[in-house]
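The following exercises are meant for a reader who is meeting this structure for the first time. Work through each task with the model in view before reading the solution.

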Amino acid sequence: MKNTILSVAIILIMTACGGNSEVEQLRKENAALAAQVQALKNGSAAKPPKYILKIRLKQSHFSLSIKKHIKDAVNAIDFEIPVDKEFYDSVSKGTEIIDDFRFGSLVLSGSFGDWEMTVKDKEIRQQ
């Protein structure tokens, strides 16, 4: 109701100012917006799906220490990121995205380790 009153007020103001072409343009825009609102209410305007990757990021050490392996497993984090369809289709569960050796840790502290980022799961969500 408020939108209708606002639209009528704008049309009246524009008519009083002598802008018939602008009034016609506003009427067309108003009709187009009303059609979009109705389409969204009806659900006929389908939104594109979201492609979600569930990622696991963890650090691993080359060590015989069980304590370090347990610590690495506990400190692993899982998170989700939206990606485009091409990247979603190019990976599968278990795909290793990053496996980088931590050279700085080797030089500074003598620690042999790397970062591992793998695809834990894939999901397509309809909006």
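**Exercise 1.** Find the residue that forms a salt bridge with Lys120, and say which parts of the chain the pair ties together.

*Solution.* Begin with the side chains: Asp78 forms a salt bridge with Lys120, and their closest N and O atoms are 2.7 Å apart. The term stands for a side-chain nitrogen of Lys or Arg within 4 Å of a carboxyl oxygen of Asp or Glu. Helices (H or I, at least four residues) and strands (E, at least two) are DSSP runs, numbered from the N terminus.

Before going on, note that this is a predicted model, in which local features need pLDDT of at least 70 and side-chain atom pairs count only at pLDDT 80 or more, while totals for chains, interfaces and linings use all residues. Residues are numbered from 1 along each chain as its sequence is written, and side-chain values use heavy atoms, with hydrogens and water left out.

**Exercise 2.** Decide whether Asp78 and Lys120 are buried, partly exposed or exposed.

*Solution.* Recall the cut-offs first: buried means under 20% relative accessible area, exposed over 50%, and partly exposed in between (1.4 Å probe, protein chains only). Asp78 has a relative accessible area of 39% and is therefore partly exposed; Lys120, at 45%, also counts as partly exposed.

**Exercise 3.** Which residues meet Lys54 in salt bridges, and what does each pair tie together?

*Solution.* Take Glu80 to start with: its side chain meets that of Lys54 in a salt bridge (3.9 Å, N to O). Because Lys54 lies in strand 1 (residues 50–61) and Glu80 in strand 2 (residues 77–83), this pair ties together parts that are 26 residues apart in sequence. Then turn to Glu123, whose side chain meets that of Lys54 in a salt bridge (3.3 Å, N to O). Glu123 lies in strand 4 (residues 113–125) and Lys54 in strand 1, so this pair ties together parts that are 69 residues apart in sequence. Finally, Lys54, Glu80, Glu123 and Arg125 are linked in a network of salt bridges.

**Exercise 4.** Describe the protein as a whole, giving its elements, their pattern and its share of buried residues.

*Solution.* Count the elements: the protein has five helices and four strands, which follow the pattern α-α-β-α-β-α-β-α-β along the sequence. Of its 127 residues, 19% are buried. The structure holds eight salt bridges.
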